[in-house]
Amino acid sequence: MNRPANLGAVLAAALCAAAGIADAATEITSWPAPESVVALAVDPATGHVFLYTEFGQVILEYSDDGTQLNSIPIPGVSSNDIDLDFALSPLNVGGTVVPANTLLVFEGDQSPETLYAVDKANGATLASVALDSSSLVGGAHLVNTNDVITVNFTGEDTINRHDAETGLSFSNFLPGPEPFDIFYGDVDASATSGNLFLASSSQSILRELTETGLCVRDVDVSELGIGQMAGIAVDDSTGFVWVGTLENVVHLVDTAPPPEPDVDGDGISNDADNCINVPNAAQEDADGDGFGNACDADLNNDCAVNTIDLGLFRAAFFSSPGAPNWSPAADFNSDNVVNVIDLGALRALFFAPPGPSGEGNVCFGCGI
């Protein structure tokens, strides 16, 4: 499939300003697939890998060493825009609740595009719902929600969040800073962190985002000789990531970042700490911008602390929960009152950027 590059990549700066240096990955194993792999999923109950090859008639089940165990018919039509996932918790699909570990098939080459819940043993359809999506190439379930996400190619690549009961999309975002665009591609969600992992046949990196679209990091797989990535699946039992390629190979890689210190001594390593230099073990982040309250006086989220933020702080001064002027983001020490202690913190942070944060955030790019 010949798709143009992402026309909306410049707008990704609203989420992350620029990509940073990518982390390295380590390959654990790899094995051949019969054809180009365009969809991939890991069964949380068994660790078996389920894959679908381009325009195939069946979904193939493998052990983690590459031994084929089973095949089941696909629902819908033979496709190259299709994805697989497993329900990470019970999921209401079109009015029918299916249990955790049910196989999910996202079908993007039929009209309407459809999410199927199927029996992983025989392929029988248990439930389905039409999706409010356009040219989906990947999909995943978000753990402990009734939501699924899809990667959609619509002239610009978007990640859409849907209610699995109705299929309707209620939010979307771009896949982070350029040059990340998606031709063939896929998305999966980690049940452990809740973060999303993106793969694309046009990229030499895997990208990790928060489920709201804040860019966390890029992982470089080029030195492993991995290319033409079209399927991705997170194995939450190990933390490793399975990658399927158009080159007929399935790879298992360790994408874990190298160990980092905890410079502020709050028990959270720098790479996971939303205030690297200020102790904040509870990680309060009232405005959800990826910076903890303890190091974030940027109340209007323009990535600078200035007189605008001072005005917003004044409006919230001496407020507490329930007051009409209460602003939890202005409560920098999270003691449920905005007072002179918070004013002192504002002064210390004045004319400085928020953070630094090791988490995905609205101001800086992947791999910070």
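**Aromatic pairs and an antiparallel sheet**

In this predicted model, the residues F50 and F86 are both buried. Aromatic pairs number 7 in the structure. One of them is formed by F50 and F86, whose rings are arranged edge-to-face, with a centre-to-centre distance of 5.2 Å and an angle of 75° between the planes. Because F50 belongs to strand 4 (residues 49-53) and F86 to strand 7 (residues 82-86), this pair ties together parts that are 36 residues apart in sequence.

A further pair involves F317 and F318. The ring centres of F317 and F318 are 4.2 Å apart and the planes stand at 45°, so the pair is classed as tilted. With a relative accessibility of 25%, F317 is partly exposed, whereas F318, at 59%, counts as exposed. F317 and F318 also belong to a cluster, linked by ring pairs, that includes F313 and F332.

Strands of a sheet pair through backbone hydrogen bonds, in either a parallel or an antiparallel manner. Between strand 5 (residues 58-62) and strand 6, which run antiparallel, there are 5 bridges. For Y62, the bridge partner in strand 6 is Q68.

Note on methods:
Residues are numbered from 1 along each chain as its sequence is written. This is a predicted model: local features need pLDDT of at least 70, side-chain atom pairs count only at pLDDT 80 or more; totals for chains, interfaces and linings use all residues. Side-chain values use heavy atoms; hydrogens and water are left out. Rings of Phe, Tyr and Trp (its six-membered ring) pair if their centres lie within 6.5 Å; planes under 30 degrees apart count as stacked, over 60 as edge-to-face and the rest as tilted. Helices (H or I, at least four residues) and strands (E, at least two) are DSSP runs, numbered from the N terminus. Buried means under 20% relative accessible area, exposed over 50%, partly exposed in between (1.4 Å probe, protein chains only). Two strands pair if DSSP finds at least two bridges between them.
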